[in-house]
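Subject: Structure for your review

Dear colleague,

Please find below the structure that I am passing on to you. My notes on what was found in it follow directly after.

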Amino acid sequence: MIKKRDLHECHELYDLMVHPDVFPFVRQKAYSYEELLFLTKQTIEAEERGELISRTILDEWGNPIGTINLFDIQENAGFLGTWLGKPFHGKGYNQPAKDAFFSELFFELGMETIFMRIRKVNTRSQKAAEKLPYVVKANESRKSLYDQLNAQEDVYDLYEIPKDLYTLYLYQLQQSPEEEQALEA
């Protein structure tokens, strides 16, 4: 479902990234295939230095369909950035990619917190984030970071995925109905 980035996937990713429904939401924008090659090489090098973590999202046949990233890593925390090609929107790829990425980040790479900044005008993404049992709106609890994100203009809401809440979520998923009833009693 996800794999480490490599230069061989740039053609397919570039074709998907430049779609007008996708391009505005991509953090690392490339305006040509060559620029995407260069950015991907920089991304791989930045990951080797511990500055970010980047994976390619794959479809069921192993074709690249988007990317999922943790940017601005500091103190075992970073900001999530993800995009999928337009033909793959609404097809069920996003959540499995996030689950695989979050598990790798928390349980293999030692991250403690994943932040998401979501534009206040993007109510669809806000509602989707707020439905997840492991996501916390952090405008107040992380006020200094929230203020930093909105230093120029009040644009973003801040969300947080703490490792402990994500771990609890996974634990609850693994509970059988009998165990859940026993815990509730």
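Asp 72 lies in strand E3, which spans residues 64–74. Please bear in mind that this is a predicted model. In this model, the phi angle of Asp 72 is positive, at about 55°, although the residue is not a glycine. Asp 72 counts as partly exposed because its relative accessibility is 42%, which falls between the 20% limit for buried and the 50% limit for exposed residues.

A positive phi also occurs at Asn 76, where the value is near 60° and the residue is again not a glycine. Asn 76 is found in the loop between E3 and E4. With a relative accessibility of 40%, Asn 76 is likewise classed as partly exposed.

Glu 112 is placed in the loop between H3 and E5. Its relative accessible area is 39%, so Glu 112 is partly exposed. Glu 112 and Pro 162 are separated by 50 residues in sequence, yet their C-alpha atoms are 6.1 Å apart in space.

Strand E5 covers residues 113–119, and five of its seven residues are buried. What are the pairing partners of E5? One of them is strand E4 (residues 77–84), which pairs with E5 in the parallel sense over three bridges. Within this pairing, Thr 113 in E5 is the bridge partner of Ala 77. Another is strand E7 (residues 156–162), which pairs with E5 in the antiparallel sense over seven bridges. Here Ile 118 has Asp 157 in E7 as its bridge partner. E5 also belongs to a right-handed β-α-β unit, together with E4 and helix H3 (residues 94–108).

Turning to the whole chain, the protein has seven helices and seven strands. Read from the N terminus, the order of these elements is β-α-α-β-β-β-α-β-α-β-α-β-α-α.

As to overall dimensions, the C-alpha atoms fill a box of roughly 60 × 45 × 30 Å along the principal axes. The radius of gyration is 17 Å, which agrees with the value near 16 Å that a compact globule of 185 residues would have. Of the 185 residues, 43% are buried. The accessible surface amounts to about 10900 Å², and carbon and sulfur atoms account for 51% of that area. Contacts between residues at least 6 apart in sequence were also examined: 58% of them join residues at least 24 apart.

Finally, a word on confidence. The mean pLDDT of the protein is 92, and 95% of the residues score at least 70. Which elements have the lowest and the highest mean pLDDT? The lowest, 58, belongs to helix H7 (residues 177–184), while the highest, 98, belongs to strand E2 (residues 53–58).

With kind regards

Technical notes: Residues numbered from 1 in each chain as written. Predicted model: local features only at pLDDT ≥ 70, side-chain atom pairs only at ≥ 80, totals over all residues. Heavy atoms only, no water. Buried < 20%, exposed > 50% of the residue type's maximum accessible area, 1.4 Å probe, protein only. Helix = DSSP H or I, 4+ residues; strand = E, 2+ residues; numbered from the N terminus. Pairing = 2+ DSSP bridges. Right-handed = clockwise from strand over helix to strand, strands pointing away. Rg over C-alpha atoms; globule rule 2.2 N^0.38 Å. Contact = heavy atoms within 4.5 Å. Areas by Shrake-Rupley, 256 points an atom, 1.4 Å probe, with all protein chains shown as cover. pLDDT = per-residue confidence, 0-100.
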